[in-house]
Amino acid sequence: MDVFSSACVLCAMANNIPQLITVPHISTSGKPSFIELPADCTSLVPGVNSDHNSKTFQFQLSSPVLPPRDFELDLQTGHVCCHDKDTVEDLTGQDTEEKREGNDPWKEKGYVCTRMLSDSRDGTQVPLTVIHNKHLRLDGSNPLLVIGYGAYGRSVDMQYCPERRALVDHGWVLAFCHVRGGGEMGRHWYDDGRLGRKHHSFEDFESCVHLLHSAGYSQPQLTAAWGASAGGLLLAACCNRSPELLKAAVMRMPFVDVLSAMLDRDSPLTLQDTMEWGDPQTDAAAFKTILSYSPYHNITSQKKYPSILVTTSTTDPRVPIWGPLKYMAQLRDVTSKDHKPTYVMKVYTDGGHFGPEEVDGNFDQATLEWAFLQRELRLGR
């Protein structure tokens, strides 16, 4: 929220879509106004807005395939204008010359953003954001990357990412699963995916993948998943539960040994994480629940796992390196000889929980991931 002399401006989410709300001060007779934003935007970031007397509100909009662009909300008229170099476009105005000519500076030809709802096991409808090129054919022949997080009340990141845009440009479908445990639908959405209800996160993710396949976006042999940190836990748990849904999975700094981590009182994160996962040292029910889904403890030789790439760091303060190491070692130990997935692990010596510190290092990490997916999904052969 930003406070101005005439009104407050709220950056909100409505049905998982970014929205601006202006609230006039109580001394005025005006009612709150809901500002419609471009349908293709998935990320709303406020600007500095340091002038209390300003008549405009500055912000940025972006999506995984659309770079951030600067916008301005007129607090008096409610009009939203795009300021991009020499272009000034009124997105909420009536009939500007640019609109008559069909020249919308926010739209970039070739991309489609589709919002869907998936029915989870308990009947809850789970939001799903799908991004692809406009020439996509729903015949199950497209490579699909499914992305999820679902923890700590944080929404899955859908800001601009040049690597992901490159995937879409090469025919991939991006699908962002807004599973319970995240913050996309409010506090209740978070509470319904943590502690003893953590299984909802996994069921939501599985329902999203099933829907994508049934809708013709892809098929299991062309489906990969990506997750980082607690998102890695989501993927690893689903690989244990439903390995047949995926051909490959990429996990960055994954939290895959939840039980051992929560039993370690010397870890600085254990105490605060009991609010997320429970306390297995003092609560027998929490111990049983965590044990039921902790990825490391549920690896079995009866499952045919997808190919998995794990990256970790020796300097990660949040996910100790021994967790991913144990996880990959256990996978290799139990995999039968007649099933030969690819297991790759990359260990970094810098960057902590977020990988390489240098910009080039981030691109190198992305290059490794996309090359791995290209190979395992047998694309371009």
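Modeller: Arg180 and Asp192 form a salt bridge, with 2.9 Å between the closest N and O atoms. Arg180 sits in the loop between β13 (173-177) and α3 (187-191), and Asp192 in the loop between α3 and α4 (199-214), so the pair ties together parts that are twelve residues apart in sequence. Helices here are DSSP runs of H or I with at least four residues, strands are runs of E with at least two, and both are numbered from the N terminus. This is a predicted model, in which local features need pLDDT of at least 70, side-chain atom pairs count only at pLDDT 80 or more, and totals for chains, interfaces and linings use all residues. Residues are numbered from 1 along each chain as its sequence is written, and side-chain values use heavy atoms, with hydrogens and water left out.

Biologist: What makes Arg180 and Asp192 a salt bridge?

Modeller: The term requires a side-chain nitrogen of Lys or Arg within 4 Å of a carboxyl oxygen of Asp or Glu. The closest N and O atoms of Arg180 and Asp192 are 2.9 Å apart, so the pair qualifies. Salt bridges with shared partners join Asp122, Arg180, Asp192, Arg197 and Asp204 into one network.

Biologist: How many salt bridges does this rule give?

Modeller: The count is 13. Among them, Arg375 and Glu376 meet at 2.5 Å, N to O.

Biologist: Why is Arg180 called buried?

Modeller: Buried means under 20% relative accessible area, exposed means over 50%, and partly exposed is in between (1.4 Å probe, protein chains only). Arg180 has 0%, so Arg180 is buried. Asp192, at 16%, is therefore buried, and Glu376 is buried at 8%.

Biologist: Are Asp139 and Arg137 buried, partly exposed or exposed?

Modeller: Asp139 has 43% relative accessibility and so counts as partly exposed. Arg137 has 60% and therefore counts as exposed. The two form a salt bridge, their closest N and O atoms being 4.0 Å apart.

Biologist: What does Gln58 touch?

Modeller: Gln58, in strand β6 (residues 56-63), has contacts (heavy atoms within 4.5 Å) with Pro46, Gly47, Asn49, Phe71 and Glu72, leaving aside residues up to four places away in sequence.

Biologist: What makes the link between the side chains of Gln58 and Glu72 a polar contact?

Modeller: A polar contact is a pair of N or O atoms within 3.5 Å; within protein, one must be able to donate a hydrogen and the other to accept it, and residues adjacent in sequence count only if both atoms are side-chain atoms. The Gln58 and Glu72 side chains are joined at 2.8 Å. Gln58 itself, at 31% relative accessibility, counts as partly exposed.
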